[in-house]
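Hi everyone, thanks for making time this morning. I'd like to walk you through a structure, so let me put it up on the screen.

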Amino acid sequence: MGTRIAFSGTDPSGTDLYLFNIASGETTRVTSMGGTELSPRWTADGTRLYFVHRDGSTGGAASVEVASGAITTLDVGDVDAVLPQPCADACPSTSFDVARPSDLRVRIDKTRRTLRVLGDIDGAGTGGSALIKVEHRNEGSFEPVGRAWSEISDGRFAGTFARPFSGVCKVTVVFPGAMGFLPERAARTFDCYYSPPGAHPGDLELVTGTSPVSGPGPLRRFKIRVERRTRFDPQEFADEVEDILYDPRGWGGNGHLGMKKVDSGRAAFTIILATPDTVDRLCAPAPTRGKSSCFNVTVAVINLDRWVHGSPETYKSLRKYRRYLINHEVGHGLDHGHRYCIDGGPQPVMMQQTGSLQGCGRAWWPAEWERDLTPGARV
Amino acid sequence: MHRAALAALVAVASSLLHAPPVALSRPASGDPNLLLQRTADLGGGDTKDVLWLAATDGSALRPWIPGASPAWSPAGDAVAFSAPGVKGVEDVFVLPIEGERPFNLTSSPGAETSPSWSPDGQDLAVVTAVGISILDLAGGSETLADAEGGAGPSWSPDGAEIAYVRAVGATRQLHVAAIDGSGSRQITSDAIDHSSPAWSPDGDADRVQWYRPQRNRSLSL
């Protein structure tokens, strides 16, 4: 007792535990498990060594009875150190309160534009910080939405994020700087959408009701559908779309076309508000990548993400961007292709204005000359 | 690092230590616990060293606090460990197991790691940029073992010496330094690369003092 020094020693045969006897100067091997044995620590009575055992990439904890060489492994997973509490007969209690993952609750408050993550962890008290990370799944992989630090006060913490609009969201809470309580991560996965029960992707609700025709001119009937998963009020979306399409500055204004919203029979095109995943499906093979809107054969597919967040790079006003978005996609429905800007004069709404203006000016209503070019329109 | 300069630093640090040692009643008894260090995956490639507690058989595994290179106090009532301090470098913290917040024993610009308790629970040997330094927790003097470049300190059960490893040629060899500063000697010289020395205990628990956290104390090594 007190005369030996245990150590982890490496020689060409591997890394094992050894004992060095100070009086005799002899070194004897204690373990030869075939893996790597590291960081020996004595029990208080000096009979046993706890150590880290590594075999390949995995590590674990074990102990060896020094006199017999008998090894006991411990089911504690991968460890970097293991130390027995040094008290031979009676140990101080360690029955302090430790918050466990099950004690962590996370609530998500959703508004149209934001996600607010509210956390509550039992026994954490005040102090320390939580790191909240939000990711959303985009084309199969999770991508970051944002991360926020929150001070922990009375066990509570919170963070606010721009609301992502694609698929499933994941919230991860980590307590990296926390002292004295739960130091591990806890993840919660939730649906970013306001999904009503039973609503599945692509479940499109037809907006009922027929509106009067916008004015004289050749009739263009259209329908409006809203994917239930968007949780948008279909009537609210329809009202805004109709306001745009019935506006005298729009495609039908000045007697060019008679726009009419219907809920049955034939229609020239259908305007659909959809979540990004559904947009990608309805727009295929157009590469919308969950980010763009499109017009495809007969449907103008409006990306919920754009409808809610707009295109901040090109439009400060969400109202104007929405006018552009509807007029642009409906323009495709009226057989307009894309246009580039012109020198002088009113700019075309058929120029792409999401993400970048490509050196051109903005136009959220069709130019008069553009309306005149609508096939079948009364000029 | 020159010993004279370090001694001067230690002297400054000593002046900050005036809290007298306090004997406490023995806490409630229980079975020994295991202290474990594990790597936590924070996601995105970030990891963190975290200390866990478990029963002796490995059951009742539960996370405790972030930290690395832990060491039980001799009475098993506190843990010293290293963790990033406010300056972002590794400092040595002490946390009593009753759940008080840990406090930082060191606040130097350099890193301090691998604490080892003296058998009476009143001192800590730590690895610093210059070797092995001794922090006197009870408010007395501090001395420096003659152990420049040393790592992995382990106190002898009589408290008179510290074993450590230091590179000698291609391998690390065991050394022993007297804490009275009278010198250091190499005790092994074979082909084995030595690491993590652990001096066997002598089973004499009488001189162990129960640890008590003392606030408003900061060492500047």
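Let's start with one pair of residues: Phe222(A) has Phe269(A) in β19(A) as its bridge partner. Do keep in mind as we go that this is a predicted model.

That pair belongs to a parallel pairing in chain A, where strand β17, residues 219–227, and strand β19, residues 269–274, are joined over five bridges. What does β19(A) pair with besides that? Strand β21 of chain A, residues 299–303, runs parallel to β19(A), and five bridges join the two. If you want a spot to look for there, find Thr270(A), which stands opposite Val299(A) in β21(A).

Now over to chain B. Its secondary structure consists of one helix and 15 strands. Of its 221 residues, 48% are buried. Taking the chain B contacts with a separation of 6 or more, 44% are between residues 24 or more positions apart.

One sheet I'd like you to see in chain B is an open one of three strands, antiparallel, in the order β8-β9-β10. Which strands are at the edges? Those are β8, residues 113–117, and β10, residues 131–136, both of chain B, and each pairs on one side only. From one strand to the next, the twist averages 25 degrees. Looking at β9(B), residues 123–128, you'll find six bridges to β10(B), running antiparallel. Asp123(B), for example, has Asp136(B) as its bridge partner in β10(B).

Last topic: the cores. In soluble globular proteins, nonpolar side chains tend to be buried together. Here the largest nonpolar core has 69 residues, and those with the most contacts inside it come from both chains, including Leu49(A), Ala61(A), Val82(A), Leu36(B), Leu51(B) and Val79(B). Which residues does Val82(A) touch, leaving aside those up to four places away in sequence? In chain A they are Arg41(A), Tyr50(A), Phe51(A), Val52(A) and Ala61(A), and from chain B come Leu34(B) and Leu36(B). There is also a second, separate core of 40 residues, with Ile224(A), Tyr321(A), Tyr324(A) and Trp365(A) among them.

That's my tour, and I'm happy to take questions.

Notes: Residues are numbered from 1 along each chain as its sequence is written. Chains are lettered from A and ligands numbered from 1 in the order in which they are written. This is a predicted model: local features need pLDDT of at least 70, side-chain atom pairs count only at pLDDT 80 or more; totals for chains, interfaces and linings use all residues. Two strands pair if DSSP finds at least two bridges between them. Helices (H or I, at least four residues) and strands (E, at least two) are DSSP runs, numbered from the N terminus. Axes are lines fitted to C-alpha atoms, for helices over the stretch in contact, and angles run from 0 to 180 degrees between N-to-C directions. A residue is buried if 20 or more other C-beta atoms lie within 10 Å of its own, exposed if 12 or fewer, and partly exposed in between; C-beta atoms are placed from the backbone. Two residues are in contact if their C-beta atoms, placed from the backbone, lie within 7 Å. A nonpolar core is a set of buried Ala, Val, Leu, Ile, Met, Phe, Trp, Tyr and Cys residues joined through C-beta atoms within 7 Å.
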